[in-house]
Amino acid sequence: MKLTMKAALSLLLAAAASLALAQSAYPTRPIKIVVGFAPGGGGDGVARLMAEHMSRTLKQPVLVENRPGAGTTIAPAYVAAAAPDGYTLVLAPDSVFGGDKALYRPNVKYDETNFTPVSRWASTFFVMAVNKDFGVTSLPELIAKVKQNNNELFVASTQGIYPALIMADFNRLTGVRLNQVPYKGGAPAVMAVLGGEVPVTFAVPSSVMPMVQEGKLRAIGITADKRSGLAPDIPTLAEQGLPGFNVGYWFGLAGPAGMSADIVQKLFDASSAALADPAVRANLAKLGYEPAPSKSVAEFRQTVEHDGSVLRKVVESTGLKGE
C-alpha cells in the first residue's frame, strides 16, 4: 500500500513537473487567434497586425482564423469551449464580457466568467457614411430626407451589439426608423453602400475612410463623443443635434477560462511589445484604431469587469434582443 501511494505521489509530481515545464516552454507550436469578423474588415486587420508582431516575439506562428456569423458570437463561443492551454485565443471586443449575453440570451451562454483576459489592444468608433448620390451632406439633411420618405431608412452594417446600440440610440433621439441590413463584415457592408444596394452605413474608419477620401462615399458624422485625430474633419453626431450620442468599443486579447498566469503574462508581454512598436501604432491608425494598451494583466481584468458590467446594463436598459 505504501508503495502504491508512493507511486501515485510520484506520478502526481511528475505530472505537475511536466505541466510546469510545458508552461515555461510555451509556446511550442502555433497559436490561433479566432476572429468573429470576415476577412478584410477592421477587426480582422487589427488581429493580423498584432499576430504578425507577436509571432516574432513568441518565436512561433500566431495565426488568424475567421469565424464570422451569429452576430459575431460564433468566435467567442468557440474559444470559450477550447482548452485553456494558450493556443486558442480570441480577438475580444468588450461585448464578450457581458453585453453579448444580455443581447442574445438565451442563445449565448458565455460571459466574463468564461474567459481569461490578457490585454486590451485598441479602441475605435463608427463613421456614418452615405452613398455619394444619396443627396445629403450632414445629419440634419439626412434626418429631414428620411422624414419626407416614410420616416424609414435602411442601413448596411456589421452584425453584433454595437450596430444594434447605434440603431436604438439613433431612433430614440431622432424619431426616425433605421432598419439594419446585416453583413458579415465591415467591408461587405461598405461595398453594399458603394454599389447603391443600401444608402447608408455605420462602419469603422478602416472600412469606410478610404472610400470617403476618394470621394466615393460621403461621411456624415462619427459616433464618438468628441472629434478624433483619426478623422479630424468629420463632426460627431452629438454636435449635429444628438446630445450624448457615444458608441465606440475596444478590442482585446482573451483566452478560455483557466489559463495559467505564466502563459497569460507571456501573451501580455508580447501584446505590449507589439503596441509599443511605432510601426504597429502607425498601422493601427491606418486601420482606424487608436492603441489602448493595458498597463498590466490585473488592470485589464478590472477594465473587463467594469466595462462589461456597464455595457450589459446599457443593453438591458434598451430592451434590445438579438436573434
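**Pocket, cavity and sheet in the predicted model**

In this predicted model, the largest pocket is lined by 25 residues, and those nearest its centre are Thr124, Asn246, Val247, Gly248 and Tyr249. Two or more residues of this lining come from each of E4, helix H6 (161-174), E10 and helix H11 (297-318). The volume of the largest pocket is about 640 Å³. By residue class, its lining comprises 11 nonpolar, six polar and eight charged residues. The largest share, five residues, is contributed by H11.

Helix H11 has 22 residues and spans 31 Å between its first and last C-alpha, close to the 32 Å expected at 1.5 Å a residue. The buried residues of this helix are Val297, Phe300, Thr303, Val304, Gly308, Leu311 and Val315. These residues lie on the same side of H11, because they cover an arc of only 120 degrees around the axis. Gln302, Glu305, His306, Lys313 and Ser317, on the other side of H11, are exposed.

Three cavities of 30 Å³ or more are present in the structure, and the largest cavity holds about 150 Å³. The largest cavity is lined by 18 residues, of which Phe37, Phe126, Thr158, Val204 and Tyr249 are the closest to its centre. At least two residues of this lining are supplied by each of helix H2 (42-58), H6 and E10. The lining of the largest cavity consists of 10 nonpolar and eight polar residues, with no charged residue.

Strand E10, which contributes to the lining of the pocket and of the cavity, belongs to an open sheet of six strands. The strand order is E2-E1-E3-E10-E4-E11, with mixed pairing. Strand E2 (62-66) and strand E11 (290-291) form the edges, each pairing on one side only. Within the sheet, E10 (residues 248-256) pairs with strand E4 (residues 115-125) in the antiparallel sense over nine bridges. In this pairing, Phe115 stands opposite Pro256, and Pro117 has Ala254 as its bridge partner. Strand E3 (residues 88-93) also runs antiparallel to E10, to which it is joined by four bridges; here Leu91 is partnered by Leu253. Strand E10 is largely enclosed by the rest of the structure, because eight of its nine residues are buried.

The peptide bond joining Tyr26 and Pro27 is cis, with omega about -5 degrees; Pro27 lies in the loop between helix H1 (2-25) and strand E1 (31-35). A cis bond is also found from Arg105 to Pro106, with omega near 0 degrees, and Pro106 is located in the loop between helix H4 (99-104) and E4.

Positive phi values in residues other than glycine occur at Thr72, where phi is near 70 degrees, and at Asn150, where phi is near 65 degrees. Thr72 is placed in the loop between E2 and helix H3 (74-80), whereas Asn150 is placed in the loop between helix H5 (139-147) and strand E6 (152-158). Thr72 counts as buried because its relative accessibility is 12%, under the 20% cut-off. Asn150 counts as exposed because its relative accessibility is 63%, over the 50% cut-off.

Notes
Residues are numbered from 1 along each chain as its sequence is written. This is a predicted model: local features need pLDDT of at least 70, side-chain atom pairs count only at pLDDT 80 or more; totals for chains, interfaces and linings use all residues. Side-chain values use heavy atoms; hydrogens and water are left out. Two strands pair if DSSP finds at least two bridges between them. On a 1 Å grid over the protein atoms alone, a cavity is a set of points where a 1.4 Å probe fits but cannot get out, and a pocket is an open set with protein on both sides within 12 Å along at least five of seven lines; lining residues have an atom within 4 Å of a point. Grid points are joined across faces, edges and corners, and a volume is the space filled by probe spheres set on the points. Ala, Val, Leu, Ile, Met, Phe, Trp, Tyr, Cys and Pro count as nonpolar, Asp, Glu, Lys and Arg as charged, and the others, Gly among them, as polar. The expected span of a helix is 1.5 Å times one less than its number of residues. Buried means under 20% relative accessible area, exposed over 50%, partly exposed in between (1.4 Å probe, protein chains only). The arc is that of the directions from the helix axis to the C-beta atoms.
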